[in-house]
Amino acid sequence: MHILFRVWKGLAKLSFLNVVLASIGIIILGTVLGYVLEPETFGSLFDSFWWTMTTLTTVGYGDFYPSSVAGRWLGIFLFLFGIGIIGALIGKLVEIGATFQRLKREGRLVYRGEGHYVYIGWSPKTKKAIDEVLNYEPKAEIVLIDQLVEEPYVHDQVHFVSGDASDEAVLLQANVLKARRVAIFADARITETLLADGKSLLIASAVEALSSEYQVDLHTVVEVCEERNISKFKHVRVDDFILTNDSVSLLMAKATLQPGTTAIFRQLLSKQSGGNIQALKPKVEWQNVRQANTALLESGVTLIAVNDRLDVATMLDLPLQETDMLYVVCHDDVFERLS
């Protein structure tokens, strides 16, 4: 018994590959010897394999069992050594699963997917943005980067990467080069706005450096605390800037001057409140904004902007180019039919 204990203890110390090889070896040995020693009991190799597996896993259905002395010695051997090997294999598999979950929780795994969104910086604003994206696009994959010890948002489609986002190795761990968008949130833990924007600038510079090095066009959105700091980003290609406090201040002013208008903004910003803002390329038959506006209205779609201009009514005769982008408000099913 002491010898068996030492054998099982030694199995626990083997590497996963060695345990797999030992498991395969004991299964093959039991299958071949069972068929050779008792061909009248095990009519085929598969019957012998079935008996070997039920023995090693301690299931023991009893539909097959050896009757000769040699066959029973084989069964004893499988009882004493085979069960220990299979048990070690199951233990290794459980250990690997637990290790994977721990590394995922700690944000130490490399994300291999493509077409995902990368969100940098965790805060209540980030959570709200992730919730909105998943509500709008239920199958979206999101990679969250922050210097936290554990994932702050538990979701099958949200993958956490722990580290400094200004480190290119961390960005590559999030597979940023294959991302659809990169959103950089201002660090809510930094109270000094200049320092917060400085950190965002450093991260945006790291993203731009990777973009230039690998010649990949990355669409980057940055939250900026102070509008005067936007000029500091001029050497970094940033596609969109979101001002931290301006949106709240302006909405508060609108609600003060024109009560009820905030409900309209909520509909535009959130799918949960109504129609969605969609981006649409002009169709070939739309020669100008007027034709596009008329066709869209007939389809139940409201045109609200052409590129970055909201004054649609004053530009109806403006010719449309292939590079123009039309922003419309409609429900998802209408937009799908239109597309």
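His159 is found in strand E3, where strands are DSSP runs of E with at least two residues and helices are DSSP runs of H or I with at least four residues, both numbered from the N terminus. The model is a predicted one, in which local features need pLDDT of at least 70 and side-chain atom pairs count only at pLDDT 80 or more, while totals for chains, interfaces and linings use all residues. Residues are numbered from 1 along each chain as its sequence is written, and side-chain values use heavy atoms, with hydrogens and water left out.

Leaving aside neighbours within four places in sequence, His159 is in contact (heavy atoms within 4.5 Å) with Tyr111, Glu141, Ile142, Val143 and Leu144. With Glu141, the side chain of His159 also makes a side-chain polar contact at 2.7 Å; such a contact is a pair of N or O atoms within 3.5 Å, of which, within protein, one must be able to donate a hydrogen and the other to accept it, and residues adjacent in sequence count only if both atoms are side-chain atoms.

Strand E3 belongs to an open sheet of 6 strands with parallel pairing, in the order E3-E2-E1-E4-E5-E6, two strands being paired if DSSP finds at least two bridges between them. Strands E3 (158-162) and E6 (240-243) stand at the edges with a single partner strand each, so one side of each has no neighbour in the sheet. Strands E4 (residues 181-184) and E5 (residues 220-224) pair over 3 bridges in the parallel sense, and Ala183 stands opposite Val221 in E5.

Turning to helix H10 (residues 289-298), Asn293 has its place there. Asn293 is buried, with a relative accessible area of 18%, where buried means under 20%, exposed over 50% and partly exposed in between (1.4 Å probe, protein chains only). The buried residues of H10 are Val289, Ala292, Asn293 and Leu296. Seen down the helix axis, they fall within an arc of 100 degrees and so line one face of H10, the arc being that of the directions from the axis to the C-beta atoms.

These buried residues pack against the following elements.

| Element packed against H10 | Residues |
|---|---|
| Strand E7 | 276-280 |
| Strand E8 | 302-306 |
| Strand E9 | 326-330 |
| Helix H11 | 332-338 |

At the start of H10, a side-chain oxygen of Asn288 reaches to within 3.2 Å of the backbone nitrogen of Arg290, and just after the helix Gly300 takes a positive phi of about 80 degrees.
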